[in-house]
Amino acid sequence: MKIYINGKFYEKESAKISVFDHGLLYGDGVFEGIRSYNRRVFKLKEHIDRLFESAQSIMLNIPLTKIQLTKVVVQTIIANKLNNAYIRLIVTRGEGDLGLDPRKCCKGGTIIIIADKIALYPQELYSKGLSIVTVPTVRNLPEALNPQIKSLNYLNNILAKIEAANAGCDEAIMLDSLGYVAECTGDNIFVVKNGHLYTPPQCMGTLRGITRDAILEIARKSKISAHEHVITRHEVYISDECFLTGTAAEIIPVVKVDGRVIGHGIPGKLTLALMKKFKQLTVKDGVKY
Ligand code: PXG
């Protein structure tokens with residue numbers, strides 16, 4: 001495996017960064033998880049744009065232009081000879097001292113790109129559906145650490161994942177500070193009721209997921225009524241269908257929430273249709289390499 005670090009490729013065993021990197025010491029940095037399908041990088045522009053937005057928000061200077069970074073992502077996938085890949089693009093604050101002051105990180109950021117394979121959930125769950133649970137840890141407050149920033153600090157989500165695992169579930173619903181459904185630990189959530197599609201708006205504790213946007217776009221084009229609207233747990237419980245979206249997870253059906261069976265307890269019709277349409281989009285859309 002070839003891993004890109006600051007302009008050079010390294011083998012997995014020798015791909016190392018400093019223990020003084022503030023990405024490690026403080027989670028000070030930003031990242032993107034990107035996929036390629038059939039030798040096309042899916043929504044690459046959207047991922048690069050979001051990475052730069054996250055960096056802008058935390059005042060992190062990315063030492064490459066968007067065009068340069070786009071090229072390096074593609075080069076890394078090609079170097080790894082992968083037709084279908086999961087790409088982790090990471091920019092840390094770089095090497096500093098043991099204090100958290102980012103001004104001490106004088107060398108500039110560290111850019112790391114890893115292209116590999118990933119399976120977030122076991123394959124059988126894509127046909128059977130997930131059983132998920134609402135957890136006590138609420139999503140970060142936007143006025144504290146805005147969930148729109150894809151930072152290297154994922155403890156908020158990891159705590160929720162631990163709580164889900166403790167409850168014997170694979171995934172967690174995280175609420176926002178008002179008690180509305182925000183999202184899952186690495187996925188956005190959708191429900192279907194009477195043929196209408198609903199997903200929480202991005203304003204409170206919900207990342208504006210790129211897969212989420214792709215589903216909204218597919219819905220619009222397919223004349224499926226879709227709404228960005230606040231969702232309560234009650235509305236999830238009484239929904240006809242529920243599914244999660246994310247780059248790593250793609251589209252995965254949910255059949256049980258907090259012990260309540262959703263719909264008929266099997267992946268719903270609209271969910272299955274959207275999974276199919278999403279798959280069709282991934283193989284024909286994207287930056288070719
Ligand atoms: N919410 C959160 C909190 C995320 O981290 C999504 C939603 C979905 O967004 P996209 O743009 O991917 O549709 C994410 C992204 C993992 C993993 O290993 C998960 C994500 C990213 C990287 C790794 O679970 N999810």
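A salt bridge here is a side-chain nitrogen of Lys or Arg within 4 Å of a carboxyl oxygen of Asp or Glu. By that rule, the side chains of Lys43 and Glu217 meet in a salt bridge, with 3.4 Å from N to O. The structure is a predicted model, in which local features need pLDDT of at least 70 and side-chain atom pairs count only at pLDDT 80 or more, while totals for chains, interfaces and linings use all residues. Residues are numbered from 1 along each chain as its sequence is written, and side-chain values use heavy atoms, with hydrogens and water left out.

Now to where the domains meet. Contact (heavy atoms within 4.5 Å) involves 24 residues of domain 1 and 19 residues of domain 2. The buried area, meaning the accessible area (1.4 Å probe) that two parts lose on being put together, summed over both, comes to about 1,700 Å², and carbon and sulfur atoms give 64% of that. Between the domains, the count is 2 salt bridges. There are also 8 residue pairs in polar contact across the interface, both residues at pLDDT 80 or more. A polar contact is a pair of N or O atoms within 3.5 Å; within protein, one must be able to donate a hydrogen and the other to accept it, and residues adjacent in sequence count only if both atoms are side-chain atoms. Helices (H or I, at least four residues) and strands (E, at least two) are DSSP runs, numbered from the N terminus. S3 gives the most to this side, with 8 residues.

Lys43 turns up again in a salt bridge with Asp285, where the closest N and O atoms are 4.0 Å apart. This pair links distant parts of the chain, 242 residues apart. A search of the whole structure finds 19 salt bridges.

Then there is the ligand. An oxygen atom of the ligand is 2.9 Å from a side-chain N or O atom of Arg50. For Tyr154, a polar side-chain atom lies 2.4 Å from a ligand oxygen, and for Thr247 the distance from a side-chain N or O atom to a ligand oxygen is 2.5 Å.
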